[in-house]
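Hello,

Here is the structure I promised to pass on to you. Have a look at it first, and then read on for what turned up in it.

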Amino acid sequence: MTETTRAGILADGLNASISSPPEEIDPDAALMVRVADGDAAAYRLLVDRHADRLLGFAERLVGDRATAEDIVQDSFLSVWRTAASWTPKAKVTTWLYRIVRNKGLDQIRKRKPTVNPDDVVLTDPGAAPDQGLHDRQTADMVRTAMDGLPERQRSAIVLVHYENLSGADASAALGISIEALESLLARGRRALRAALSSRRQELLETTR
Amino acid sequence: MTLRSNISERRVLELIDAYGAVPARWPATERAPAMDLVARTPDLRIAMETAAVLDEMLDTRPTPMPNPALRVELKKIPDQRHGLDWLSALWPFGAPWRPAMGLAAALAVGLLVGAVSPPADTLTGDSAEIMLDQTAPSDPVTLAGLTAFGGGSDNGFGLTGFSTEGDL
């Protein structure tokens, strides 16, 4: 990365709140410039800003907690080592998601797609016991259905639905066009609807 | 301002199929005209309701909990990079701490077994003979090898009564 480019990014970051709409400025860009220069403090700020959401993404992608933690650890090691390869063309967030997704793909290829429900840490829904049980059962069905999707469809849905990335950012993270992303999303949601519809019917029949 | 000519019913259906029933997930440039068309089109409202059911089911999946301990470990990476580079060169198949932990566990088990097992020279003559009877090889090749290495005489392990003649 050239000094001129870095200076431009830093200036953009400083002026972001004054002259430009927030969505046009990548708030992490200036941080990445410092990380690329070996600034450990900047790297730790990046960890604070993104580690939790990347862990959530990895966990939803591969289906178990321990593997997700390994993926995130490996990903941040790559971030520290290869920060200089980041270019301002790529939004930092999408670059990070892409790293985690690639590491996740490596893990998925290494093992069979099995999921141990005990590996997933669930948050307390805070609802009434019956409602909580119902939601828990539905969540288990959703997780099973999600894990049954082809990886590309699963990644697309996790990025857009759970990580709330825009279509442009999600397609950038996956390295595909927006049209291809929308196709993956539509096919994935159709498959989920079919899988959850049949399971829901099974559940209704067993309770009769 | 009218938005009616900006988007087709088919395109809005594509948006609903792909992004679901929450307009905030739709592309910003198409959001307003698409919402306007949904409000005026019964078929699109039905599509929205169907998509909303799936959205609600997806939302029942809980958000994974953060791991503060992991964050602490991640922040140590800049300080540990030389050691990790060295370990990664030896173990390029994933996180290097895993094989390191395996080796440490194997070492601990080995030390534990070594500490609690009686030394070989404390075995009595009877127990040594029983052990040798149970493990004595019977094939001629192995026996020849043992003989070549001093089997049948004092073999340096403090064991007596070691003989291959009966098996031959």
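Predicted model: local features only at pLDDT ≥ 70, side-chain atom pairs only at ≥ 80, totals over all residues.

**What was found**

How are the two helices placed? Helix 5 of chain A covers residues 92–110 and helix 8 of chain A covers residues 167–174; they pack at an angle of about 45°, and their axes are 8 Å apart. That angle makes helix 5 of chain A oblique to helix 8 of chain A. Their crossing is right-handed.

Stepping back to chain A as a whole, you will find nine helices and zero strands. Of its 208 residues, 38% count as buried. Among the contacts in chain A with a separation of 6 or more, 62% are accounted for by residues 24 or more positions apart.

Now to chain B, where another helix pair is worth a look. In helix 1 of chain B, B:Glu9, B:Val12, B:Leu13 and B:Ile16 meet B:Leu44, B:Ala47, B:Met48 and B:Ala51 in helix 3 of chain B. The residues of this contact divide into seven nonpolar, no polar and one charged. The axes of helix 1 and helix 3 of chain B come within 10 Å and cross at roughly 5°. Helix 1 of chain B and helix 3 of chain B are therefore roughly parallel to each other.

Helix 3 of chain B spans residues 42–59, which is 18 residues, and reaches 25 Å from its first C-alpha to its last, close to the 26 Å expected. Which residues of helix 3 of chain B are buried? They are B:Met48, B:Ala51, B:Met57 and B:Leu58. Two of these names, B:Met48 and B:Ala51, you have already met in the contact with helix 1 of chain B.

Finally, the two chains touch each other: the contact takes 29 residues from chain B and 37 residues from chain A. On the chain B side, helix 1 (9–19), helix 3, helix 4 (68–75) and helix 5 (77–90) each supply at least two residues. Helix 4 of chain B gives the most to that side, with five residues. By class, the side of chain B that touches chain A has 16 nonpolar, five polar and eight charged residues.

Key. Residues numbered from 1 in each chain as written. Chains lettered and ligands numbered in written order. Helix = DSSP H or I, 4+ residues; strand = E, 2+ residues; numbered from the N terminus. Expected span 1.5 Å × (residues − 1). Buried ≥ 20, exposed ≤ 12 C-beta atoms within 10 Å, placed from the backbone. Axes fitted to C-alpha atoms, helices over the stretch in contact; angles between N-to-C directions. Parallel < 35°, antiparallel > 145°, perpendicular 65-115°, else oblique. Left-handed = near helix turned anticlockwise from the far one by under 90°. Contact = placed C-beta atoms within 7 Å. Nonpolar A, V, L, I, M, F, W, Y, C, P; charged D, E, K, R; others polar.
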